[in-house]
Amino acid sequence: MSERTAGRSAAARPGAVVVGAGMAGVQTAVALREQGFTGSVTLIGAEPHQPYDRPPLSKAVLLGKAEGSAFDVDFAALGVRLRLGLEVTGLRPARRELDTARGPVPYDVLVVATGAEPVRLPGTEDVPGVHLLRTLDDAERLRPVLARQDDVVVVGAGWIGAEFATAAREAGCAVTVVEAADRPLVGALPAEVAAPMAAWYADSGASLRTRARVERVEPGAVVLDDGSRLPAGAVVVGIGARPATDWLAGSGVELGAHREVVADDRLRTSVPDVYAVGDCASFPSGRYGERLLIHHWDNALQGPRAVAADIVGETPAPYDPVPYFWSEQFGRFVQYAGHHGPGDTLVRRGDPDGPAWSVCWLRDGRLAAVLAVGRPRDLAQGRRLIESGARLDPVLLADPGRPLKTASL
C-alpha cells in the first residue's frame, strides 16, 4: 500500500474499481467484501454479458449442452456495481481516473484484471469463417459450425486447439489440426513428454499435421506453405494469447517482456494503489526463483485473495502459489501442477502409450512439477509435495504402483 492510503481504514476508502469481469475480476470483488472492505466496489467489463466463467466455453457451451456459464454471484447483495459493455481505454494515475467511452471513472484503489487476448493469425482479419475461441460470443458463433458438422481446420496444437478439436470430433466434424512445430504443446512441454500425445489426435479421428505452416486462408480452404489445400468450412485459430494491456500504454504502469503488468509479491504494480491479478500480470516466485506469468484459471482464483487482503491492510504473505491447470482432451483428463525448467530431472511414472501415466520433474531432489494423465491422485499428492518442499527418492518416485507421496525421504 502507498503512504497515501496505508493509514486509512477500509471503511474510509470510498472507491475500489476492478477492470475486467472474468474470473480474476469477479473473485477480486467477492474477496474484497469477504475480507471486510466497506467502500464502494465497481466491476467494469468490456463485454455486455453477465460475468461468466471461460473453461466451459470450449466444452459444454460450445457443444450446446449449456447456454452459458455465468458466475453464481449475487452482485447486488454484495454491493458490487456492475458496469458492463464498457471498454476502458486508458489510465491516468495522477488524477486517479480511468478513461472510457462514457467518460472518466474515478478510483481510489484500482485492480487490473483484464486477462489475455488471443493472438490472431496474420492476414485473416477479413476472411469469413475464421474464428477465435476466447469469449462467449466466440463460442456462440462456433456452435452452428459444429451443429452443421463442417470440415474444420484448427491452427495450433496447444491446449485450446486440442480442446476445440476434441469438441469438434465429438460433434462429428472432420478435423485437421495444423501445427508449425514438430509436435503438440511445444511451448508447454518438452519433446519427450509431448510427442506421445500426438497419437491422441489419430485415436480420436482427427488429423494432426506438424511442421506445417499456414501460407494463407481463403474462403473454404487453408493453404499451407507446401502448397497443400485443406478444405475448411471453418478455421479456428489457437496460436496463443497475450496480456490485454494495450490500454495501459503511457500510464506509468511497468510492463514486462510479454507486455504483462509487472507486479510484486503482493500483486502491487509500479503505480501506487494499482494492483494487477490473473492472466495480465506476472509476479516473482520465491519457490522457483523467477518471475511467473500464468495464463490459467487457478491463478485467477487465488490471486484476488492476496489483492483484497493487501487492500484492506492485512499484509498478506507473499503471493507464491503452486501453479495448477487442467485440460480435457480426446477422452483424457490432463492436470499439471508446479513449474519445470530445462535443467530439471524428468522422472516417468507409467507408460505414456497407456491410458494413465504421470511425469515428474525434480530440482535439487525436490519436486518442481508434475503432469498427470488420468492419475488425479498423483496430481493431488504431487501438489502437496511441491508445497512442502520434501526431498524425494527418484527410484521410488518412478514406480507407478506406489503412491507418489511414499517417495518422500
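**Exercise 1. Identify the residues that touch the most other members of the largest nonpolar core, and the elements that supply this core.**

*Solution.* Step 1: the largest nonpolar core has 53 residues, and L267, I311, L367 and L397 touch the most other members. A nonpolar core is a set of buried Ala, Val, Leu, Ile, Met, Phe, Trp, Tyr and Cys residues joined through side-chain atoms within 4.5 Å. The model is predicted: local features need pLDDT of at least 70, side-chain atom pairs count only at pLDDT 80 or more, and totals for chains, interfaces and linings use all residues. Residues are numbered from 1 along each chain as its sequence is written, and side-chain values use heavy atoms, with hydrogens and water left out.

Step 1: among the elements that each supply at least two residues of this core are β1 (15-19), α2 (23-34), α8 (297-311) and β26 (366-373). Helices (H or I, at least four residues) and strands (E, at least two) are DSSP runs, numbered from the N terminus.

Step 2: the element that gives the most to this core is α2, with seven residues.

**Exercise 2. List the residues that L267 touches, not counting residues up to four places away in sequence.**

*Solution.* Step 1: contact means heavy atoms within 4.5 Å.

Step 1: L267 touches Y275, A276, V277, F283, G303, A306, V307 and Y319 under that exclusion.

**Exercise 3. Describe the salt bridge of R96 and D273, and state whether each residue is buried or exposed.**

*Solution.* Step 1: a salt bridge is a side-chain nitrogen of Lys or Arg within 4 Å of a carboxyl oxygen of Asp or Glu. The whole structure holds 25 salt bridges.

Step 1: the side chains of R96 and D273 meet at 2.7 Å, N to O. R96 lies in the loop between β4 (88-92) and β5 (97-100), and D273 in the loop between β18 (261-262) and β19 (274-276), so the pair ties together parts that are 177 residues apart in sequence.

Step 2: buried means under 20% relative accessible area, exposed over 50%, and partly exposed in between (1.4 Å probe, protein chains only). R96, at 14%, is buried, and D273 is buried at 5%.

**Exercise 4. Describe the salt bridge of R134 and D279.**

*Solution.* Step 1: the side chains of R134 and D279 meet at 3.3 Å, N to O.

Step 1: R134 is in the loop between β9 (130-131) and α4 (136-147), and D279 is in the loop between β19 and β20 (281-285), 145 residues apart.

Step 2: R134 is partly exposed, at 23%, whereas D279 counts as buried, at 11%.
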